[in-house]
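Dear colleague,

Please find below the structure that I am handing over to you. My findings follow after it.

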Amino acid sequence: MVKIAASLLAADFSKLADEVRRAEEAGADWLHFDVMDGHFVPNITMGPQVVRDLRNKSGLFFDVHLMIENPENYLEKFYEAGADLLTVSAEACVHLHKVIQMIRSLGIKAGVALNPATPLSAIKYLLDDLDLVLLMSVNPGFGGQKFIPAVIPKIRELKSMVKDRKLEIQVDGGINDQTARQVREAGATVLVAGTAIFGSDDLVTAVKMLKTAGEKSP
């Protein structure tokens with residue numbers, strides 16, 4: 001069964017602790033933090049203080065995606081705040097391998113995200129150093145965007161590159177019960193979903209549908 005990472009970008013920011021609790025009780029596996037700085041992407045969202053304030057409110061795995069310029073300057077702050085995984089955007093890193101090594105030196109998991117137009121060749125020689133590759137299926141910056149179908153063959157190609165490595169393939173953007181099926185069948189192991197979860201009147205059903213999308217009937 002795939003893991004579901006509930007994206008706080010679609011949550012009600014006026015009651016984040018309650019939203020986190022709802023997602024956890026609904027069966028989400030991870031909590032996904034979209035950190036945006038208004039420079040690398042055209043939006044501003046949250047910083048390490050939000051991660052810190054929620055850390056003692058949840059036992060979920062904290063999955064932090066840094067969509068910011070110069071992410072290496074903030075790794076330690078997010079680690080100290082309680083991140084379990086730090087993912088940096090390849091396009092924001094001049095020395096990507098060095099940044100990954102910095103994350104690993106903190107003793108937490110390391111990931112790299114690729115925008116839709118960024119080829120897999122950007123991370124080909126890093127796979128042995130990574131715990132996760134995040135393929136963006138929308139252009140980053142805002143929630144609620146439409147899924148980009150051209151990412152499907154990219155997921156398949158990444159799966160063939162991963163081979164027997166213990167590396168998660170995460171997909172973020174436009175994930176709902178239909179696209180969840182497509183990306184899962186292509187090889188995704190972690191699905192980031194915001195609107196599909198927090199925009200639902202029934203979070204339990206929403207999470208269950210995402211988890212079971214594409215599963216073969218017994």
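**Aromatic residues and the barrel**

Phenylalanine 33 and phenylalanine 62 are both buried (under 20% relative accessible area with a 1.4 Å probe, protein chains only; exposed would be over 50%, and partly exposed lies in between). The model is a predicted one, in which local features need pLDDT of at least 70 and side-chain atom pairs count only at pLDDT 80 or more, while totals for chains, interfaces and linings use all residues. Residues are numbered from 1 along each chain as its sequence is written, and side-chain values use heavy atoms, with hydrogens and water left out.

The structure holds 2 aromatic pairs; rings of Phe, Tyr and Trp (its six-membered ring) pair if their centres lie within 6.5 Å, with planes under 30 degrees apart counted as stacked, over 60 as edge-to-face and the rest as tilted. Phenylalanine 33 and phenylalanine 62 form a tilted pair, because their ring centres are 4.9 Å apart and their planes stand at 50 degrees. This pair links distant parts of the chain, 29 residues apart: phenylalanine 33 belongs to strand β2 and phenylalanine 62 to strand β3 (residues 61–67). Helices (H or I, at least four residues) and strands (E, at least two) are DSSP runs, numbered from the N terminus. Arginine 55 lies over the face of phenylalanine 62, at 3.6 Å from the ring centre; the criterion is NZ of Lys or CZ of Arg within 6 Å of the ring centre and within 35 degrees of the ring normal.

As to the fold, 8 strands close into a barrel with parallel pairing, in the order β1-β2-β3-β4-β5-β6-β7-β8; two strands pair if DSSP finds at least two bridges between them.

Strand β1 (residues 3–7) is largely enclosed by the rest of the structure, because 4 of its 5 residues are buried. Strand β1 is joined in parallel to strand β8 (residues 190–193) by 4 bridges, and lysine 3 stands opposite valine 190 in β8. With strand β2 (residues 30–36), β1 pairs in the parallel sense over 3 bridges; here alanine 5 faces tryptophan 30 as its opposite residue in β2. Together with helix α1 (residues 16–26), β1 and β2 make a right-handed β-α-β unit (with the strands pointing away from the viewer, the path from the first strand over the helix to the second runs clockwise).

Strands β6 (residues 132–136) and β7 (residues 168–172) pair in the parallel sense over 5 bridges, and methionine 136 stands opposite aspartate 172 in β7.

Yours sincerely
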